[in-house]
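Trainee: I am new to this structure. Please take one part and walk me through it closely.

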Amino acid sequence: MSLEQNNTKVKTYGIIIGIISLALQHLIYLTGHWLAELVNITPILPKIDVIDNAIQIIPIFIIPYVWSYIYWALAPMAISRCKFDYFLDYLAAYLFSCLFGAVILVFVPTYMDRIAEGLTSVQGETFLWKLMQFWYSLDGGDMAYNLAPSFHCINSTIALLGVFKRKEIPLWFRIVSLVSGILTYFATVFVKQHYFIDVVAGIAIGVVGYIICTRWHLGKVFLKPISWFRKEKAEQ
């Protein structure tokens with residue numbers, strides 16, 4: 001009983017990578033954005049009028065949009081309770097999906113004109129509206145670029161699949177993960193940070209990346225780099 005309990009504890013490497021992953025995914029996104037400017041391919045508008053014009057702004061969804069950053073950090077911490085090999089496969093899926101998403105940013109750049117979308121006009125003085133405007137200012141201001149795929153949806157999909165059906169992870173966290181992931185999908189379009197196709201692309205990349213990396217156990221490439229700070233002995 002004590003061995004089982006020890007093997008399903010949150011590991012030190014899970015905490016470290018959970019924190020590092022936030023900076024890493026942002027670095028990958030920014031690198032893709034920078035390379036897109038160098039390649040200088042004319043960005044396209046990924047808007048599907050019949051769908052995106054029907055989606056209304058719902059300011060309350062800025063809360064799960066911001067919460068998602070904490071959720072992404074917690075996911076690898078929770079997954080570190082699983083077998084070490086599975087944790088490495090999860091890490092591979094996370095990096096593979098983000099890198100593939102960055103490649104798309106470079107060669108299929110996209111944009112959103114927030115002025116044309118009516119997002120920069122004063123529509124309210126509530127805290128939620130101000131928080132939305134603040135978030136826009138961090139991400140391009142009047143013009144947003146490199147929307148597809150949505151990295152919010154890539155990260156949330158990997159986190160959601162990572163804990164799915166894993167009995168080593170408490171049921172309450174799996175439920176929180178499911179709710180957080182679904183709310184993030186909706187939030188990306190309800191706060192107008194993305195168009196509908198960006199969400200579909202992000203989910204698809206996350207699913208494909210997870211399937212490829214877990215089926216062929218691509219996480220083994222990280223075995224040596226991560227082992228040096230792995231203090232707890234993983235379950236064999």
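**A loop, a patch and a helix pair**

Mentor: Start at Pro149, which sits in the loop between strand E2 (143–145) and helix H7 (151–163). This is a predicted model. The peptide bond from Ala148 to Pro149 is cis, with omega near 0°.

Now go to another loop. Asn40 lies between H2 and helix H3 (49–52). Its phi is near 60°, a positive value in a residue other than glycine.

Trp34, Leu35, Leu38, Val39, Ile41, Ile44, Val103, Phe107 and Val108 make a nonpolar patch of about 810 Å². Helix H2 (12–39) and helix H5 (84–107) each supply at least two of its residues. H2 gives the most, with 4 residues. Phe107 belongs to helix H5.

Finish with a helix pair. Two packed helices are described by the angle between their axes and the distance between the axes. For helix H4 (residues 62–79) and helix H8 (residues 171–190), the axes come within 10 Å and cross at roughly 145°. The crossing of H4 and H8 is left-handed. On the H4 side, the contact residues include Trp67, Tyr71 and Leu74. On the H8 side, they include Phe173, Leu183 and Thr184. By class, the contact of H4 with H8 has 10 nonpolar, 6 polar and no charged residues.

Technical notes. Residues are numbered from 1 along each chain as its sequence is written. This is a predicted model: local features need pLDDT of at least 70, side-chain atom pairs count only at pLDDT 80 or more; totals for chains, interfaces and linings use all residues. Side-chain values use heavy atoms; hydrogens and water are left out. Axes are lines fitted to C-alpha atoms, for helices over the stretch in contact, and angles run from 0 to 180 degrees between N-to-C directions. A crossing is left-handed if the near helix is turned anticlockwise from the far one by less than a right angle, and right-handed if clockwise. Contact means heavy atoms within 4.5 Å. Ala, Val, Leu, Ile, Met, Phe, Trp, Tyr, Cys and Pro count as nonpolar, Asp, Glu, Lys and Arg as charged, and the others, Gly among them, as polar. Patches are made of residues with over 30% relative accessible area and no salt bridge: like charges are joined within 9 Å, nonpolar side chains (Val, Leu, Ile, Met, Phe, Trp, Tyr) within 5 Å. Accessible areas come from the Shrake-Rupley method with a 1.4 Å probe; for residues, only the protein chains shown count as cover. A salt bridge is a side-chain nitrogen of Lys or Arg within 4 Å of a carboxyl oxygen of Asp or Glu.
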